[in-house]
Amino acid sequence: MNRVLLVILFTFLFLSVKGQSAFSVEDGFIYTNTVIHTDKELEVKSMIDTGCSLCLIDSTFADTSGLNILNDEKQVVNGKKDGLPTCIVDSIEFCGKLYHKVPCLVADLKGIFLEYAPDFIVGGDILRDRPLKFNRTSMMIEPFTGKHEKGSIILKWKDYKSEPDIPALFIMFETSINGQKYNFAFDTGSKGNKLPIDIQLEPTDTIQKETADINNKLTVKQQKEYKDVNMRISNHDFEFDFFEGKKKWGLLSLDLVNEHSFIINYKDRTLEILQ
């Protein structure tokens, strides 16, 4: 009887560990390991990017991994037809769960983002599957099944299905700055916070800063900086430093959670920042 209980206990512990995934924060980005299954099994250091609707794979890595790149089947990227080719990955293991026949965008990540480029990006199509807790104490990503924690900050984001201007699966918040409403996306793939292009604020400085996006290679450019900007989200007040942006919505990086543990729940459309 004791032996049976011991086996059950070890099985439970094994499954618990398998249901988690260690992560790190480097240069303001979240990285974790995923396992990609093609004709072989590959463990890949991957970036978590809430600003990417679909998963994205580096073109060189896709080619050397034996993936069939579908150049004739272009896919929209965050609401714009950028003409990126696609591929179908047989299965991807992320945070203890296997996802089958995963559509991925293919781009020259290493050529665009240089030393910051991962081989693989985990996008919203996988992140939305279940609530996930990013535990900054244990540095583990954990499936979350509990209730809201006392004292936490709960931010509700907008439903992209009801607003055609919002890209699919974006974590888009309605915010207020100086009494004016603006949309800001929580984008863990953004290096720094960026303002909407049409906002009326006076910059506090101009600096040289690295900048890149899926259409523009990493380079150093002169950018306007905005220090100590007060923002209100879901009746909570924040203060951030920003750079000028080029989109009609702004971007909030990991600065939003400020080194706290947090829970992303796509079903409830809530970001919970634990205190």
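## Charges over rings

In this predicted model, the charged end of Lys209 sits over the ring of Phe243, 4.7 Å from its centre, where such an arrangement requires NZ of Lys or CZ of Arg within 6 Å of the ring centre and within 35 degrees of the ring normal. Lys45 likewise lies over the face of Tyr31, at 4.8 Å from the ring centre.

Both Lys209 and Phe243 are touched by Gln223, whose other contacts (heavy atoms within 4.5 Å), not counting residues up to four places away in sequence, include Asp205 and Glu244. Gln223 counts as buried because its relative accessibility is 6%, the limits being under 20% relative accessible area for buried, over 50% for exposed and partly exposed in between, with a 1.4 Å probe and protein chains only.

## Aromatic pairs

The structure holds 10 aromatic pairs, defined by ring centres of Phe, Tyr and Trp (its six-membered ring) within 6.5 Å, with planes under 30 degrees apart called stacked, over 60 edge-to-face and the rest tilted. The rings of Trp157 and Tyr266 have centres 5.3 Å apart and planes at 75°, so this pair is edge-to-face; both residues are buried.

Phe238 and Phe240, by contrast, are stacked, at 5.7 Å centre to centre with 10° between the planes. Phe238 is buried at a relative accessible area of 12%, and Phe240 at 7%.

## Basis of the values

Residues are numbered from 1 along each chain as its sequence is written, and side-chain values use heavy atoms, with hydrogens and water left out. Local features need pLDDT of at least 70 and side-chain atom pairs count only at pLDDT 80 or more, whereas totals for chains, interfaces and linings use all residues.
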